[in-house]
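Open the structure in your viewer and keep the sequence at hand. This tour goes from one selection to the next.

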Amino acid sequence: MAPRGRTLLLPLAAATVLVASTIFLFAAAGARWRPADTSLPVPTDAEASSFLAVPASAASNTSGGKDLSFLDENGRPDDPTTSGASSAAGSGRCDPRDAAVRVFMYDMPSEFHFGLLGWAPPPHAGEGVVWPDVSTNGAAPPPRYPGGLNQQHSVAYWLTLDLLSSSAAPCGAAVRVADSRDADLVFVPFFASLSYNRHSKAVTPEKVSRDRALQEKLVRYLTAQPEWKRSGGADHVIVAHHPNSLLHARAALFPAVFVLSDFGRYHPRVASLEKDVIAPYKHMANTFVNDSAGFDDRSTLLYFRGAIYRKEGGSIRQELYYMLKDEKDVYFSFGSVQDHGASKASQGMHSSKFCLNIAGDTPSSNRLFDAIVSHCVPVIISDDIELPYEDVLDYSKFSIFVHSSDAVKKGYLMRLISGISKQQWTRMWKRLKEVDKHFEYQYPSQKDDAVQMIWQTLARRVPTIRLKVHRSSRFSRSDRGGK
């Protein structure tokens, strides 16, 4: 072959190798599978493509120069014909233009949200009323969420309450708008974790549980909405904080942004850190208010109270129990919410320097957030854990991370913890007292609490969501008369 021919073939061969390598890498990434996911439905490549094929009308979801219409705390639209900025300022209401994120929330039937708390519209309420009155002059306070372990996954409840009152001061990161075309995100008010906790088992003579029936109804409802069709669901936000919640609807609703506790029971095609948001558990321990209990005031060096025998990745708890239970100044014991477990855990954490957070059935647990509000420096032994707001919050400033393989080495953990000086511990303790507000769920929400931090995290997802929607609409001709 002539030298010129060989010269032309070399780039072609290199390009062929590059393409083949890329295909192999993508195939390998797509084939990843977490052991806990083996029984879950997973969207196919064809389904993934079809969900993100959206009409050209979704190419822009910004409101341009027109006034925004937003909802008051009773769900009634303010007058959109009045200048948005001036009317909001004059009435003392929150202007959507000033919000970090503008949110449209579906007026879904109450069976998906407050109906699960036993709430129903009052007899005198007009037709179509689906929300409790959360205004300051309301006849009653908002329905209360059930206590106990239900509380730790109550994220959807707090976000929904915040949206219902978002037009009134104090103004937060999110404001609810009346027109979905004015919105950055579409919020789906389904209390999926409570539905799982209370209704995941079928009750005779029913063959399908109420939880599964609600999930199937949810899929039908959402996929029929113009908002879902406009974006392919990519701008929708669904809270499924309990690891087992939304089990039967995940594969159908995967284009949406999920708000989760971790990814331990999700296939990577359904949920990932690139698409979804991690939210903190609602802590069960009491927040250590006015904490002056420094290094010398905390008599226990290392503390753990909880379930010891776990399945899957949580087997390390058992290994650490036998390794640490007889160590000096270490408290490692079984505990549960029964028998005043939360109160005992609060007392133990408040008097301890370090608190163990070990992987359980899933990578995360409520124990980490109990430790944070107790100002007990967390020792995190969970290789697959993902943490809330980690793009803006450096956990290494107030936590110790230990690889599981190192933690089970004889003597390793005790040498590590004992080697941390009083000065180093005090720096982390002071930082814990600064950041604990980010893990408080409350109503009304306050600046930089858990509710506001979640909205801010979602707001940072908006540019990526818009890019996805705009790219997927490149070849859509529905609005251009194409065939």
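How many Å apart are the sulfur atoms of C355 and C376? Select both residues: they form a disulfide, with the sulfur atoms 2.1 Å apart. A disulfide here is a pair of cysteine sulfur atoms within 2.5 Å. C355 lies in strand β9 (residues 352-358) and C376 in the loop between α11 (367-374) and β10 (377-381), so the pair ties together parts that are 21 residues apart in sequence. Helices (H or I, at least four residues) and strands (E, at least two) are DSSP runs, numbered from the N terminus.

This is a predicted model, where local features need pLDDT of at least 70 and side-chain atom pairs pLDDT 80 or more, while totals for chains, interfaces and linings use all residues. Residues are numbered from 1 along each chain as its sequence is written, and side-chain values use heavy atoms, leaving out hydrogens and water.

Stay on this link and look along the S-S bond: the angle about it is 105°, and the link of C355 and C376 is right-handed. C355 is buried at 1% relative accessibility, and C376 is buried at 0%. Buried means under 20% relative accessible area, exposed over 50%, and partly exposed in between (1.4 Å probe, protein chains only).

Next, select C94 and C171, which a disulfide joins with an S to S distance of 2.1 Å. C94 sits in the loop between α3 (84-91) and β1 (101-105), and C171 in the loop between α4 (155-164) and β2 (174-176), so this pair ties together parts 77 residues apart in sequence. The link of C94 and C171 is left-handed, with -95° about the S-S bond. C94 counts as buried, at 1% relative accessibility.

Finally, show every disulfide: a search of the whole structure finds two. With the bonded cysteines of the protein chain numbered in sequence order, they pair as 1-2, 3-4.
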